[in-house]
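Please have a look at it first.

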Amino acid sequence: MADLEIRRTTAADIPAVVAMLADDPLGAQRESPDDLDPYLAAFERLDADPNQHVVVAVRDSRVVGTLQLTIVPGLSRRGATRSIIEGVRIHADERGSGLGTQLIEWAIDESRRQGCQLVQLTSDKTRADAHRFYERLGFSSSHTGFKLQL
């Protein structure tokens, strides 16, 4: 398998990122790859924020994975900084190759570099395979999450 590069996302990567976001049963219901304008506008906001790290994994000049890492300073836990991993997606051709592990390890290493004391993420209740994956990497299902659709 060719070498992998994990790098900052560019606007040119957005079509490939959105295609991966839409390429699963949940994403197919909430993503719209036919209209990239809202994604490009969101990317501009993310790219301008130093606490947002949207990255892609590239192999053979092709985007094959992505995630967003957000750094969140806080008061709780004695003023701890934490990171939140969001939007982890692996291209269908790459699933099971170890790429997901590499991306999460990158996020954990970057979190340490940024001085974080905690890395957290959420995963939809229906994603049993993802839950096993995160647990294998050392994450524990220690909290119950809540969301309010606005």
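This is a predicted model: local features need pLDDT of at least 70, side-chain atom pairs count only at pLDDT 80 or more; totals for chains, interfaces and linings use all residues.

**The sheet and what lies inside**

What we have here is an open sheet of 5 strands in the order S1-S2-S3-S4-S5, with mixed pairing, where strands (E, at least two residues) and helices (H or I, at least four) are DSSP runs numbered from the N terminus, and where two strands pair if DSSP finds at least two bridges between them. Strand S1 (4-8) and strand S5 (118-121) stand at the edges with a single partner strand each, so one side of each is left without a neighbour in the sheet. From one strand to the next the twist averages 25 degrees, with axes being lines fitted to C-alpha atoms, for helices over the stretch in contact, and angles running from 0 to 180 degrees between N-to-C directions.

Residues are numbered from 1 along each chain as its sequence is written, and side-chain values use heavy atoms, leaving out hydrogens and water.

Turning to the individual pairings, S2 and strand S3 (residues 62-72) run antiparallel and are joined by 8 bridges, and within that pair Val-54 has Gln-68 of S3 as its bridge partner. Helix H1 (residues 14-22) packs on the sheet, where it touches S2, S3 and strand S4 (82-90), and its direction makes about 85 degrees with that of S3; contact here means heavy atoms within 4.5 Å.

S3 and S4 are also antiparallel, with 7 bridges, and Gly-65 stands opposite Ile-90 in S4. S4 and S5, by contrast, pair in the parallel sense over 4 bridges, with Arg-82 opposite Leu-118 in S5.

The volume of the largest cavity is about 40 Å³, taken as the space filled by probe spheres set on the points, which are joined across faces, edges and corners. Its lining consists of Arg-8, Thr-9, Phe-43, Leu-46, Asp-47, Gln-52 and Val-54, and the largest share, 3 residues, comes from H3.

Note on methods: On a 1 Å grid over the protein atoms alone, a cavity is a set of points where a 1.4 Å probe fits but cannot get out, and a pocket is an open set with protein on both sides within 12 Å along at least five of seven lines; lining residues have an atom within 4 Å of a point.
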